[in-house]
Amino acid sequence: MTAMRYRLTFAVGLVVGYVLGTRAGRERYEQLKKSARQVAQNPAVRNTAESAAQNGRAYAGKAFHAVSEKVGEKLPDSIGERVRSLRERGEGAEDDWGTSNT
């Protein structure tokens, strides 16, 4: 009988802890989401992110050209032609998905 009471007390404690924990967890989640949204909308953060994206695209373009010049000649003709056509497009051209490289 006492073992059953301990089990029942333990089970009730688990349920109460779960309910209280999920409420606190949801409130904290909403707070974090609100804070993240505020940070993302901050002009300084947006400018920094855009600058980092532009720098990343510029470095990727330079790396692409350096690799394609060294490797492009050693590839099969079909791939080499594709690499040359991509190289000729240059910066500012759209890729196959309609996005710009700049």
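A residue counts as buried when its relative accessible area is under 20%, as exposed when that area is over 50%, and as partly exposed in between. Serine 68 has a relative accessibility of 5% and is therefore buried. Serine 68 belongs to helix α2. Its C-alpha atom lies 9.4 Å from that of leucine 86, a residue 18 positions away along the chain.

**Model and confidence**

The structure is a predicted model. Mean pLDDT over the chain is 76, and 80% of the residues reach at least 70. Confidence is highest in helix α2 (residues 43-71), with a mean of 83, and lowest in helix α3 (residues 77-89), with a mean of 73. Where pLDDT is low, the predicted coordinates should not be read in detail.

**Fold and surface**

The chain contains 3 helices and 0 strands, and its pattern along the sequence is α-α-α. The chain has 102 residues, of which 6% are buried. Among contacts with a separation of 6 or more, 10% join residues 24 or more positions apart. The accessible surface of the chain is about 8,700 Å², and carbon and sulfur atoms account for 59% of that surface.

Leu8, Val12, Val16 and Leu20 make a nonpolar surface patch of about 370 Å². One of these residues, valine 16, sits in helix α1 (residues 2-41). Valine 16 has a relative accessibility of 44%; this value falls between the 20% and 50% limits, so the residue counts as partly exposed.

**Salt bridge**

How many salt bridges does the structure hold? The count is 1. The pair is arginine 57 and glutamate 50, with 3.5 Å between the closest N and O atoms. That distance meets the criterion because a salt bridge requires a side-chain nitrogen of Lys or Arg within 4 Å of a carboxyl oxygen of Asp or Glu. In general, side chains of opposite charge can pair when their charged atoms come close.

Are the two partners buried, exposed or partly exposed? Arginine 57 is partly exposed, at 31% relative accessibility, and glutamate 50 is partly exposed as well, at 40%.

**Accessibility by residue**

The residues with a stated relative accessibility are listed below.

| Residue | Relative accessibility | Class |
|---|---|---|
| Serine 68 | 5% | buried |
| Arginine 57 | 31% | partly exposed |
| Glutamate 50 | 40% | partly exposed |
| Valine 16 | 44% | partly exposed |

Methods
Residues numbered from 1 in each chain as written. Heavy atoms only, no water. Buried < 20%, exposed > 50% of the residue type's maximum accessible area, 1.4 Å probe, protein only. pLDDT = per-residue confidence, 0-100. Helix = DSSP H or I, 4+ residues; strand = E, 2+ residues; numbered from the N terminus. Contact = heavy atoms within 4.5 Å. Areas by Shrake-Rupley, 256 points an atom, 1.4 Å probe, with all protein chains shown as cover. Patch = residues over 30% accessible without salt bridge, like charges linked within 9 Å, V, L, I, M, F, W, Y side chains within 5 Å.
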